[in-house]
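Hi everyone, thanks for coming.

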Amino acid sequence: MLFPTVEYGLFFLSVLAIAWSLYRFPQVHKDFLLLASYVFYGFWNWTYLPLLIGISIFAGLVAQRIQRSQTTTAKKRWLIAGVVVCLAALGYYKYTSFLMTTLLQVWGRFAHPPHIQVYSPLLPLGISFFVFHAISLLGDCYRGKVKEPVQLRDALLYVAFFPQLIAGPILRASRFLPQLAVRRNPNHIRINRAFLLIVGGLFKKVILSNMLATRLVEPVFAVPQSYGAWDTLLAVYGYAAQIYCDFSGYTDIAIGCALLLGYRFPRNFNAPYTATDPQDFWRRWHISLSTWLRDYLYFPLGGSRSGKMRTYLNLMITMLLGGLWHGAAWTFVVWGGLHGSYLVVHRLWSRIGWAPLVRWRATATWRWISRILLFHAVCLGWVFFRSSTFSIAFDVFSRLRIPGPATLANGPVLLVLFLGLGSQFMPARWRNGFEVEMGRWPALARGAAVAVAIAAIEILGPTGVAPFIYFQF
Amino acid sequence: MQTIVHPIRQLALVVAGFVAAIVLLESQGLASWADHLDIGPLRTVAVPVTAVIKKTLEPLGIGSVREHAIQALARVGWSDDAALLADASGTAPSPSLTKPAECSVPSLANASNPPSIPGSKPGSTASSTHASVPGTAAAFSNATGSLTPLLASVPRTTDLAPLPPIAPGKPRVVALAGDSMMAVGLSATLLRQAAGNKDLRMIKAFRSGTGLARPEVFNWMDEYPAMLGAEKPDVVIVAIGANDGQGFVVDGKVLPYGSEGWQKVYQDRLASYLAMVSSTGAHVVWVGLPPMRIAVYNQKIAAINRIAYTVVSQSPQATWWNPVSFVGDDSGGFREFATLPNGQSMRLRATDGIHFSDEGAGLLTNVLMKWLDPPPPISVAGASATTPTPDQVQPAKPKHKGRHASKG
């Protein structure tokens with residue numbers, strides 16, 4: 001069930017009504033939400049529901065074993081076993097054909113490879129996300145961050161909770177399980193903030209992302225040879241805006257829905273294109289994933305504790321694997337590798353202690369220059385991320401040198417591009433101010449205002465629903 | 001003294017305000033949504049409920065405000081819907097395209113082509129290897145109202161009759177038409193291969209998420225002429241039908257997928273679409289649907305292929321072309337990866353098990369490109385080392401070269 005559909009609207013309103021009617025009975029409330037989450041997932045393909053339930057039960061049981069183990073060695077054994085099984089499931093469904101074709105390519109460099117029939121299982125929706133939730137549960141229990149004994153039903157709901165099930169944000173067990181352990185407090189519902197997030201998310205996803213994808217990005221990335229420099233440049237910027245609006249829009253809707261149900265999700269995007277350096281970018285882009293990689297991959301590898309070279313290596317490994325998480329293709333690995341190298345270069349640059357440079361780096365001028373440089377470095381990576389092959393990526397780059405007019409971008413498309421990128425510079429006080437203002441309106445009027453906004457989105461939006469980029473993960 | 005409203009009551013009031021307002025503003029949109037649903041329990045409930053709401057609120061005129069807003073947006077170039085853009089700008093579809101009237105009887109035949117024996121074209125010999133088994137085949141009505149057997153099988157391979165040479169300075173206009181089977185893989189590969197080729201001009205006339213089964217969702221009879229504008233294709237390559245394995249409603253009656261009534265109506269719509277894309281005199285290559293990963297879906301696709309082949313084979317301007325010889329396995333089944341002679345693998349189908357991958361589409365488009373713009377007769381190096389030919393990814397099988405009439 002996709003978020004921007006009438007079906008989801010009907011589903012969510014029903015769940016909202018029933019969930020709050022049951023909030024005085026916490027266990028029944030949670031069981032209902034769990035059932036609703038399985039219905040939500042099964043709407044896509046019920047045959048993969050056992051996989052979701054199986055991974056959840058497995059992670060919950062192993063988490064309990066970790067907590068009950070008396071020695072660190074025993075805890076570690078259970079942790080390793082649990083992580084291996086979870087990653088094996090993810091690896092099987094997502095990387096089987098990638099590993100097989102890569103093996104054949106490497107083998108082919110030395111000798112004629114044997115006949116191996118490459119095989120690729122159908123990818124269960126959201127598997128990259130719910131496996132990471134399972135690993136977070138295991139990791140947080142191992143580190144003692146989950147203070148209370150894990151209840152299996154809570155573990156199931158933590159992994160499968162429908163607002164975040166398909167595409168995040170990736171929740172931390174140590175922060176979400178305590179929410180599940182207590183009865184929902186109606187005073188925690190931030191109605192205005194939730195509806196602003198939902199409406200804003202729908203606007204970004206249904207209108208901005210979709211128009212950029214269909215009118216600007218897809219034509220150029222499908223046939224780069226047909227377009228010149230301006231179209232190509234606008235398409236690259238367009239993709240930067242598209243993926244931001246698509247993904248942040250989706251997670252905003254998820255956060256808003258969870259908020260209406262009384263649960264707090266972490267923020268997942270924080271104006272990433274305003275970042276002035278790569279480290280800042282990853283504190284603002286897909287925050288739940290970057291912090292997950294930091295805490296469950298970068299730190300266990302040693303982080304920055306083992307000297308400069310080891311730090312750089314750890315950064316590269318983390319980002320390369322982060323790229324691979326996004327997709328079973330070398331273009332994603334290269335994207336991750338680019339970001340890893342940006343982080344390394346930034347560290348080297350930051351270490352230069354020459355006084356005039358240090359003063360220059362503190363100026364507003366440098367902040368804007370670095371912002372523009374970083375944005376273009378990120379766009380370079382997006383070309384690989386978006387291209388299905390390296391050949392297409394290099395075609396796109398080569399077209400940037402070919403003079404040619406902008407044929408794809410008319411007024412509305414340019415407006416949408418501006419909104420997609422420029423909205424990130426909107427001061428937070430405007431959003432907060434609007435939320436406060438909205439709080440002064442009568443409740444019925446607020447609901448009507450939300451309806452007007454959604455009706456406007458429906459009129460401005462395309463016919464049908466655009467595919468969501470991150471669904472493929 | 002300010003009254004503090006309980007948060008849940010407050011939430012309930014906000015939701016109530018939202019529901020009331022959305023029903024008021026979107027009564028037409030909700031009715032349209034219900035109409036577009038797949039046949040099933042949700043549609044059974046939603047259609048009458050939203051119809052009542054729409055009828056009750058129609059006098060308020062909000063629906064017409066919505067329509068005017070959509071038209072105004074189309075005029076400033078906000079929409080990418082070709083028919084909407086054409087309506088908004090007042091441009092009529094190309095006068096060379098004559099849309100057949102909605103058919104209540106099959107219109108496979110026109111005045112110059114009387115109904116023919118299934119499996120053969122008038123004045124031509126059989127062009128494919130198949131057996132028509134009237135006793136076991138499903139049926140459709142022909143122009144006289146009697147049932148004509150649906151062809152029981154489709155040919156594994158079909159030759160494409162040579163096209164007339166391209167006149168200097170007059171590129172061959174090729175329309176790429178269909179649903180996502182054209183949009184994903186095929187069109188991009190064809191467009192890339194044709195980029196910079198001055199002898200070919202490609203026109204995009206495809207749209208994902210569409211089909212022939214549900215004209216109320218997306219009506220190709222309106223959209224195709226709008227997409228063409230003033231263009232008159234010489235060749236149309238069609239790949240459509242992947243979304244058509246569903247029931248629909250005609251005159252208030254539900255026709256479940258696969259029923260006799262469904263087959264008749266679907267075949268009519270297919271024939272109308274074929275007649276429309278052929279109406280400029282274009283030669284049509286109707287690319288069949290490849291085998292699908294999911295067995296249930298694959299059976300539906302096979303049935304749709306039979307209907308399409310039966311209809312297309314009645315037209316002297318059209319050729320039904322089976323992709324299974326390029327991307328299927330030995331038994332004509334789904335194959336995701338092919339093994340090349342050097343031992344490497346090549347992905348033939350997208351990870352969804354439905355669409356072509358770029359490489360898989362390339363196997364078809366290499367042949368199509370050579371057919372659209374044949375290379376000069378001087379011997380050249382042939383396919384590049386990195387581009388395998390269909391023979392290289394298929395086990396050797398004898399090809400049945402059927403006799404065929406020249407369509408040039």
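Start with Val236(B), which stands opposite Val284(B) in E8(B). Before I go on: this is a predicted model, where local features need pLDDT of at least 70, side-chain atom pairs count only at pLDDT 80 or more, and totals for chains, interfaces and linings use all residues. Residues are numbered from 1 along each chain as its sequence is written, with chains lettered from A and ligands numbered from 1 in the order in which they are written.

Strand E5 (residues 235-239) and strand E8 (residues 283-287) of chain B pair in the parallel sense over 4 bridges. Two strands pair here if DSSP finds at least two bridges between them; strands are DSSP runs of E with at least two residues, helices are runs of H or I with at least four, and both are numbered from the N terminus.

Zoom out, and 5 strands of chain B form an open sheet, in the order E4-E3-E5-E8-E9, with parallel pairing. At the edges sit E4 (200-206) and E9 (318-321) of chain B, each pairing on one side only. On average, neighbouring strands of this sheet are turned by 20° against each other, direction ignored.

What lies across these strands? Helix H7 (residues 220-228) of chain B lies across E3 and E4 of chain B, at about 150° to E4(B). Helix H9 (residues 295-312) of chain B lies across E8 and E9 of chain B, at about 155° to E9(B). Angles run from 0 to 180 degrees between N-to-C directions, and axes are lines fitted to C-alpha atoms, for helices over the stretch in contact.

Now, how do the chains meet? 42 residues of chain B are in contact with 47 residues of chain A, contact being C-beta atoms, placed from the backbone, within 7 Å. H1(B) gives the largest share of chain B's side, 13 residues. By class, that side has 21 nonpolar, 14 polar and 7 charged residues. Ala, Val, Leu, Ile, Met, Phe, Trp, Tyr, Cys and Pro count as nonpolar, Asp, Glu, Lys and Arg as charged, and the others, Gly among them, as polar.

Last stop, chain A. The axes of helix H6 (residues 152-160) and helix H8 (residues 173-181) of chain A come within 10 Å and cross at roughly 120°. That makes H6(A) oblique to H8(A), oblique being whatever is left after under 35 degrees (roughly parallel), over 145 (roughly antiparallel) and 65 to 115 (roughly perpendicular). Their contact has 7 nonpolar, no polar and 1 charged residues.

How values were computed
Contact = placed C-beta atoms within 7 Å.
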